[in-house]
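Good morning, everyone. Please have the viewer open. I'll keep this brisk.

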Amino acid sequence: MTTPGLQIEGLTVRHGAVTAVSNASLSAAPGEVTCLLGMNGAGKSSLLRAIIGLAASDGAIAVSGRDISQMATEHRIRAGIAYVPEGRRVFPGLTVAENLLVAGPARNADRQERLATVFELFPQLAQRPADRAWQLSGGQQQMLAIGRALMARPDIYLLDEPTLGLSPRVIDDVAESLARLVQTGAAVLVAEQNAGFAAHVADRTILIQTGRIVAPSGAA
Amino acid sequence: MLPGLRRIGLATAIITAGLSLVTTAAADSLRIPVLVPITGFLSLEGTSQKNGAELALDGSDVAFDVADTATSPEVAVNAFERAMNAKDVVSVVAPMLGTQMLALIPLADEFDVPMITVSGTARITELGSPNVFRFFPGDVVVKAAHARYAVEELGAKKPAIISQTTAYGQSGRAELDRNLRALGQPPVFTEGLEVSVKDMLPVLSKVRDSGADVLLLHLHSGPTALVIRQARAMGLDIPIVAGSAMHQPETAALLESAELLGGCAESGWSPISETGPEFRAFADAYRKSFNREPDAFALGQYDGVNMVLAAIRGGARDAAGVRSWLESNRYDGLAMTYASDGKGNMAHSAVILCYIGADRVPQIVKRYRNVTGVL
Amino acid sequence: MFAAQLALNALALGSAYALVAIGFVLVLNATTAVNFAHGESVVAGGFAAVAIAGLLPAGIPGIVLLPGVLVVTALLGLIIAGVAYLPIRSRPPVSVFVTTIAFGIIVTNGLNAVFGAAPRTAPALVGSGAVEFLGVTVSLQSLAIIATAALLIGALAFVLQRTQLGRQFRACSQDPEMARALGIRLVRITLLGFALGTAFAGAAGLLLAHQFFVSPSDGGILILKAYIAVVIGGWGSLRGASVGALLIAVFEVGVASVSSQPVAEAMLYIAVLLVLFVRPEGVFGEPQRVRA
């Protein structure tokens, strides 16, 4: 029987001579928000980047029981992962609609259908589909980045510090967005240093410190 | 000794003996490196130089290598220095690009090796070097013919000049200007163009506005054809007398027959315009070897190399001997009689060609023999 | 009337230069790489036109050669990508400078060996004649150059703005790592950039080859024009590249007609320096790009 959600076993990430993550094991179950909580430099971003394939790593990574650790990034996306990076990283010169469409599936009809869904979930984005992304506020860009992840309809969402630099009111909007992601039945893994936010949204919290999972022990 | 080893030893001895024979043969033969621009904006003319030199050297006992000097002085200098590593270099076929020649002259003096070239840049024989021998009439000769034809034959009263901004262009323009003034018809308009200029409308419109009655060009192949084409397209119908680039078949090939008709050019010679048997033999041999028509640069270089070969036959066995022979002897080449004026200018005659027939072969309409009075 | 004539000439020349500059930017945007073989790609397009015309009956209009030229030069672009870029793309940018310069030299010398050193001309696009319009002599070739360039640029704009592939291309140009994180295949985008960019260069070669001839050694000056256009217009901006290219033509044709060609060229370079001092990102400078 395949294990749903995300499974990480013995993951180690090195950047040259520096070990950013050492022997990390964790899991994120469908329908839950799992929060990876740690200070700056704890290894949260490195871990997420390794899952998506943007950083080299050793160890096992499985999505819905399927080993993706040897796959290139584009194949990991197809296996059902979407990534919302730290700093949003929307495409500044593309419009709101284009930022969403570019993350969509191959068929145009499917893309348009998902675009409509995202606009329903995020009315702020629906109001300005032709605006360039650089014209949006930080909070709106975060909505756009989350909406972009939604376009892929993945099984796993990875979000890296989605509240960074946002005002409290906007942070509430982000929390609401995470709830919507969970409602799709996906597993949501959020890396955060904001303990208050983690306490508010997480169903499970995992602590990471200097590249090691410290609590709960045996987090996988 | 084991049979296998014996065979290896014998083979080694044979090979070594053979190599030493080859080496000895190479050491005995004299050498003329051919350093010419085969790539870059002067590659058309440089290839003509190469072909003329090769045609003369093929079948002789003189060894030669061809090296590309491209367009920059540094490349030419490097090629020259590499060529001097070989033994028994008695002469060098040097690039016709003026800026490269000017860079090579000090080196030629340092190594004391005579250079034979078809460069038209006047300055190369004005620096006092004993090692430059120019086998193409210099600007002093061809530009005199150019200016005289415009004034004496076409009746120019308001000539205009368009020249290239290269050393070749500046040298030619200065001579044209001097000759026109000496004939009492100073130019009413003069402008220099970069080799890369494509649209000639700005400069041609200024020619038209100047009221010029004859246009004299001193440009390379492509720009010459561009000016003629665009002048005709804009309805500028004054006579155009171009520089030697226009005599080249490759330049004529760029233009429609209607655009060519009536156009004239100066040159040292035009092999394809001549009908004598010796010219036909030369042209046939050239076509067979290189699959293209010969031009005056090829012929000039051919004559120049042949004069060096004549020097060798006359007893010259080193660079000093060749230089001395070139300085003090006349040579009846295919194009003309060559003799040094004391500065290394060997060719003293020029012709004016015009495209007056439907067959796209220019006709020689005027000969200017012994312009400098040296012969 | 004469001013109108000059304007038309500048527009025709600028249109061809715009194709060169746009092609340069397409590669730049797909890869951040400066393709120093780009000028030689223009020359290759011109010679492709000469070669294909030689296989067809005489008198064929040059526009018929366009599809063949686009295919040949697109293939050349794929070869440049495969040989001079992809194997060394993770090395410092100077490595790509060296490999593309070397590739350009190989193309120049190859064309020299095959076609010879002489300038060549390709057939006129639609005909060599001219029409009189409001006192201005309008050459058919100039009109055809403008129309062909406009058509190609319009088609490119459609692809980039209205298709998923175009969106992916633009996303890669702005943040290749994030594009990768969305599942976009960077190698595919790279190959597309090189193929399209080199095809545009080849098209410019066809457009220039009749009126202005083509020689194997023309590549060096063309890459310089592309570079200047991009510096003026904005590094990475397609619109800026077009504007920069038109400006170069305005200097070469317009400014040269009231001063002289050397003065016009000097003034162009002064304009480039002014842009670098006053607005270094260029007139239409794009938002900052994130390197992969």
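Let me begin with one term. A residue counts as buried if 20 or more other C-beta atoms lie within 10 Å of its own. Keep in mind that this is a predicted model.

Now find C:Ser237. Is C:Ser237 buried or exposed? C:Ser237 has 22 C-beta neighbours inside 10 Å, so it counts as buried. The residue lies in a loop of chain C, between helix 9 (219-233) and helix 10 (238-258). Now look across to C:Asn29. Along the chain, C:Asn29 and C:Ser237 are 208 residues apart. Their C-alpha atoms are separated by 8.5 Å.

Step back to chain C as a whole. How many helices and strands does chain C have? There are eleven helices and two strands. In sequence order, the pattern of chain C reads α-α-α-α-β-β-α-α-α-α-α-α-α. The radius of gyration of chain C is 19 Å. The globule rule gives 19 Å for 292 residues, so chain C is as compact as a globular protein of that length. Along its principal axes, the C-alpha trace of chain C spans about 60 × 50 × 35 Å. Of the 292 residues in chain C, 58% are buried. Then there are the contacts within chain C. Take those between residues at least 6 apart in sequence: 78% of them join residues at least 24 apart.

Next, helix packing. Two packed helices are described by the angle between their axes and the distance between the axes.

Stay in chain C. Helix 2 covers residues 38-55, and helix 3 covers residues 66-85. At what angle do the axes of helix 2 and helix 3 of chain C cross? They cross at roughly 140°, and the axes come within 9 Å. Helix 2 and helix 3 of chain C are therefore oblique to each other. Their crossing is right-handed. From helix 2 of chain C, the contact uses C:Ser41, C:Ala44, C:Gly45, C:Ala48, C:Ala49 and C:Ile52. From helix 3 of chain C come C:Gly68, C:Val69, C:Val72, C:Thr73, C:Leu76 and C:Gly77. Sort the residues of this helix 2 and helix 3 contact in chain C by class: seven are nonpolar, five polar and none charged.

Now a pair in chain B. Helix 5 (residues 139-153) and helix 6 (residues 167-182) of chain B have axes that come within 8 Å. The axes cross at roughly 45°. Helix 5 and helix 6 of chain B are therefore oblique to each other. Which residues of helix 5 of chain B meet helix 6 of chain B? They are B:Asp139, B:Val140, B:Lys143, B:Ala144, B:His146, B:Ala147 and B:Val151. On the helix 6 side of chain B are B:Ser171, B:Gly172, B:Glu175, B:Leu176, B:Asn179 and B:Leu180. By class, this contact of helix 5 and helix 6 in chain B has six nonpolar, four polar and three charged residues.

On to how the chains meet. Two pairs of chains touch, and chains B and C have the most contacts. In that pair, 26 residues of chain B are in contact with 27 residues of chain C. On the chain B side, helix 2 (43-57), strand 7 (189-193), helix 7 (201-209) and helix 8 (221-233) each supply at least two residues. Helix 8 of chain B gives the most, with five residues. The chain B side divides into eleven nonpolar, ten polar and five charged residues.

Chain C also touches chain A. That contact takes 16 residues from chain C and 18 residues from chain A. On the chain C side, helix 6 (164-174) and helix 7 (176-181) each supply at least two residues. Helix 6 of chain C gives the most, with six residues. By class, the chain C side has five nonpolar, four polar and seven charged residues.

What about chains A and B? Chain A and chain B do not touch. Their nearest C-alpha atoms are 36 Å apart.

Last stop: chain A. Helix 1 of chain A, residues 44-52, is mostly covered. Nine of its nine residues are buried. Among them are A:Lys44, A:Arg49 and A:Ile52. After helix 1 of chain A comes A:Gly53, with a positive phi near 95°.

That's my tour. Thank you.

Terms used: Residues are numbered from 1 along each chain as its sequence is written. Chains are lettered from A and ligands numbered from 1 in the order in which they are written. This is a predicted model: local features need pLDDT of at least 70, side-chain atom pairs count only at pLDDT 80 or more; totals for chains, interfaces and linings use all residues. Two residues are in contact if their C-beta atoms, placed from the backbone, lie within 7 Å. Helices (H or I, at least four residues) and strands (E, at least two) are DSSP runs, numbered from the N terminus. Ala, Val, Leu, Ile, Met, Phe, Trp, Tyr, Cys and Pro count as nonpolar, Asp, Glu, Lys and Arg as charged, and the others, Gly among them, as polar. A residue is buried if 20 or more other C-beta atoms lie within 10 Å of its own, exposed if 12 or fewer, and partly exposed in between; C-beta atoms are placed from the backbone. Axes are lines fitted to C-alpha atoms, for helices over the stretch in contact, and angles run from 0 to 180 degrees between N-to-C directions. Angles under 35 degrees count as roughly parallel, over 145 as roughly antiparallel, 65 to 115 as roughly perpendicular and the rest as oblique. A crossing is left-handed if the near helix is turned anticlockwise from the far one by less than a right angle, and right-handed if clockwise. The radius of gyration is taken over C-alpha atoms; the globule rule is 2.2 Å times the number of residues to the power 0.38.
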